[in-house]
Structure formats: structure tokens, C-alpha cells
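Please keep both in view while following the headings below.

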Protein chains: 2
Amino acid sequence: MKESAQDRLRRYNIKPSVQRMAVLDYLMTHYTHPTADTIFNALYPSIPTLSKATVYNTLNLLTEQGVIQMITIDEKNARFDARETPHLHFRCNSCGEIFDFELPPLQMEALKDYDITDVQVYCKGECPTCQKNKHIINN
Amino acid sequence: MKESAQDRLRRYNIKPSVQRMAVLDYLMTHYTHPTADTIFNALYPSIPTLSKATVYNTLNLLTEQGVIQMITIDEKNARFDARETPHLHFRCNSCGEIFDFELPPLQMEALKDYDITDVQVYCKGECPTCQKNKHIINN
DNA sequence: TACAAAATTGTAATCATTACAAATAAAGAA
DNA sequence: TTCTTTATTTGTAATGATTACAATTTTGTA
């Protein structure tokens, strides 16, 4: 049985308001690394009073508390990820899609005196599909 | 004998204009992960006709051509790094400083079909100095 | 010297994100 | 319940890094 957004918020001692549950639930059911704007547009129809400021507030709160991750692999805007298992991100420079991969264990003795709360691994390049389609003229 | 900014530009087949040499030279003599703004302010006194647009143009060109790396560990603004050896970045959430560390080799068989042109590893947390200073009241 | 291409410049525009004050909702006490 | 306090949400204006773009300058070459 999968944990609900509400339970996850409770686990982090965050009051589960309607808005917070909606944002987190969206991330827990869409592992597509959405932007704040994408989340807002997805939730707006069902919560017509929702404000974009609330989406930003919530995403920042969840990121600060470690409930979700903010991903800065895209220079244009932040993306968000509710996955709890360590993983790395690959972004295709052609199609822009972001792929998840298992994260190989990192040995970092050099950082033993550093209190590490977050590790992000970003790979960039071209995905197999775009490599194959290279000969096709893209507009 | 260390390679000059001019030679490095030539190595990448980029025309070594005064502005480009100045930007790259700054990065090759200041491994401090500066922002575009920091670079502009540092160069402006000696090149009074320099435009901030040129700094951005140059940084984008150098990043696209793989001469330097753009680092997005700081959510606010991009930082730039001319180091050529693989390394990881640690950002202290208290003092904001960015530290370089040797990058342990990453085994990524899962990505063998992906054409990887860039790998970035970002660690965030608290540096030893800030850990020690925790008891001091910060304003 | 003259022409074409490339690079630089200044400034306006963009646009994601934040600031902030007002409005609303929730929680607690009496 | 009703009053009071606190937390959350909302709408909108402001911020600020980055980009767009047209004009200007520089460079390369004939």
C-alpha cells in the first residue's frame, strides 16, 4: 500500500492543507519533473481559488523540509521530484526530456567533515531516441 | 607551463577576441565559481566599453562549446567554472560558499546508450566551519 | 580602400520567482 | 459557541537574472 500525500506530510510534521496535499499528490502521481507552472495549471481546474504563489510557497516548504527535491538541471526553471530513492537525472539536450536512473553509490571520504543533506547528479547529452533521429530535419 | 586563455580558445576554434580572452582568463585565474555579474564587475574597470550582454554571450558560447562549465547549484544565478578535471561541487547552505572536490568515478552502465557530454555532481549541506559556528548568533 | 561577415554594445523586454499586505481559514481558550 | 490568536492562502506588484534585438564597431579579405 502506497503512502498518501497526507500521510507523507504528517510524517514530516507539515500541516496537510488542501493545497499542500494537492501539490504533493500531484508530484507523487506524476514523476515527470514538472515545473511550478505545470503543477499550477494541472491543479487549477479542480482548485479554482488556487494561487500560483501558494504553489511556489508549498514547493519551497516541501523542498526545505526534505519532502521533495528541487532539480536545477534545466537552466530556465526549477523542476520538482517526489521520489525518495536516490537517483540521478539525465536531461536530453535535444528533446529536453529528463530521465531517472539508479544512482551508483558515491564514495566521498574527502567530504567526511561536511554535513551533506542533499546530493544531486545531473547528466546531460543526447538520449538514444534523439541520436537515432539526428538525420531528420528538425524545425 | 600553464595554457593561456588565448591558447585555450584557439584549441576550441573560437576566435580570441579581447572580450573573450578577458572572460576566460578571469575564470582561469579565479576558481571561485563567479556569476556573470561578478565577472562583469571585475573586468569593467580595465575594459570600460565592456557590455554585460557580451559577458553573457561569451559565457554561453564557452559553455556550449565545452570550454567551461555552467554550474546551477545555486538556484538564484548561474556560476561558471573553467576547471577541466572532473570534480564535484559542495555548496554550504549557511555561508553560500562552493567547494571543489575530486569526483569519484561513476559507474553508469545503465546509461551506455545515452550520449553523455556533461556530468555535474552537486552536494549541499553545511561546511565544517559553519558547523562549528552554529552556536554563534547570526544576524 | 571597400565590402561582407562576425562580434560587441546598449537598452528594452521577458519571465520565473519573490515580497508583501490583505483576506481567509484553522486552532485554542474561555 | 464566540472571541482571539496564529497559520495559511491569495492577488498583485516588484525583483532581478537573462535574453532579444537592432545599431554600431571590429575583423578578415579581396
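## The hairpin of chain B

In this predicted model, E3(B) and E4(B) pair in the antiparallel sense over five bridges, where two strands count as paired if DSSP finds at least two bridges between them, and where helices (H or I, at least four residues) and strands (E, at least two) are DSSP runs numbered from the N terminus. Five residues separate E3(B) from E4(B) in the hairpin that they form, and Gly96(B) in the turn has a positive phi of about 80 degrees. Within this pairing, His87(B) stands opposite Glu102(B) in E4(B).

## Conventions

Residues are numbered from 1 along each chain as its sequence is written, and chains are lettered from A and ligands numbered from 1 in the order in which they are written. The model being predicted, local features need pLDDT of at least 70 and side-chain atom pairs count only at pLDDT 80 or more, whereas totals for chains, interfaces and linings use all residues; side-chain values use heavy atoms, with hydrogens and water left out.

## The sheet across both chains

The secondary structure of chain A comes to five helices and five strands, which run α-α-α-α-β-β-β-β-β-α from the N terminus on. The C-alpha trace of chain A spans about 50 × 45 × 30 Å along its principal axes.

Strands of both chains make up an open sheet of six strands, in the order E4(A)-E3(A)-E5(A)-E5(B)-E3(B)-E4(B) and with mixed pairing. Strand E4 (98–102) of chain A and strand E4 (98–102) of chain B stand at the edges, each with a single partner strand, so one side of each is left without a neighbour in the sheet. From one strand to the next the twist averages 25 degrees, with axes taken as lines fitted to C-alpha atoms (for helices over the stretch in contact) and angles running from 0 to 180 degrees between N-to-C directions.

Where the chains join in the sheet, strand E5 (residues 115–126) of chain A and strand E5 (residues 115–126) of chain B pair in the antiparallel sense over eleven bridges, and Asp115(A) has Glu126(B) as its bridge partner in E5(B). Strand E3 (residues 87–92) of chain B pairs with E5(B) in the parallel sense over four bridges, with Gly125(B) as the bridge partner of Cys92(B). In chain A, strand E3 (residues 87–92) and E4(A) are antiparallel over five bridges, and His87(A) stands opposite Glu102(A).

## The interface between the chains

How many residues of chain A are in contact with chain B? There are 31 residues of chain A in contact with 31 residues of chain B, contact meaning heavy atoms within 4.5 Å. The area buried between the two chains is about 2,600 Å², of which carbon and sulfur atoms give 66%; buried area is the accessible area (1.4 Å probe) that two parts lose on being put together, summed over both. Phe101(A), Tyr114(A) and Lys124(A) supply 20% of the area that chain A buries against chain B, more than any other three residues.

## DNA strand D

The surroundings of DNA strand D comprise 17 residues, the closest being Ser17(A), Thr49(A), Thr54(A), Tyr56(B) and Ala78(B), where a residue is near a molecule or strand if one of its heavy atoms lies within 4 Å of it. Of the atoms of DNA strand D that come within 4 Å of the protein, sugar and phosphate account for 84%. Helix H2 (18–29) and helix H4 (52–64) of chain A, together with helix H4 (52–64) of chain B, each supply at least two residues of this surface.

Gln19(A) places a polar side-chain atom 3.0 Å from a sugar or linking oxygen of DNA strand D.

## DNA strand C

DNA strand C is surrounded by 18 residues, of which the closest are Tyr56(A), Ala78(A), Ser17(B), Thr49(B) and Thr54(B), and sugar and phosphate account for 84% of its atoms that come within 4 Å of the protein. Polar side-chain atoms of Thr54(B) and Gln19(B) take part here: that of Thr54(B) lies 2.6 Å from a phosphate oxygen of DNA strand C, and that of Gln19(B) lies 2.9 Å from a sugar or linking oxygen. The side chain of Arg20(B) has an N or O atom 3.3 Å from a phosphate oxygen of DNA strand C.

Conventions: Polar contact = N/O pair within 3.5 Å; in protein donor to acceptor, adjacent residues only side chain to side chain.
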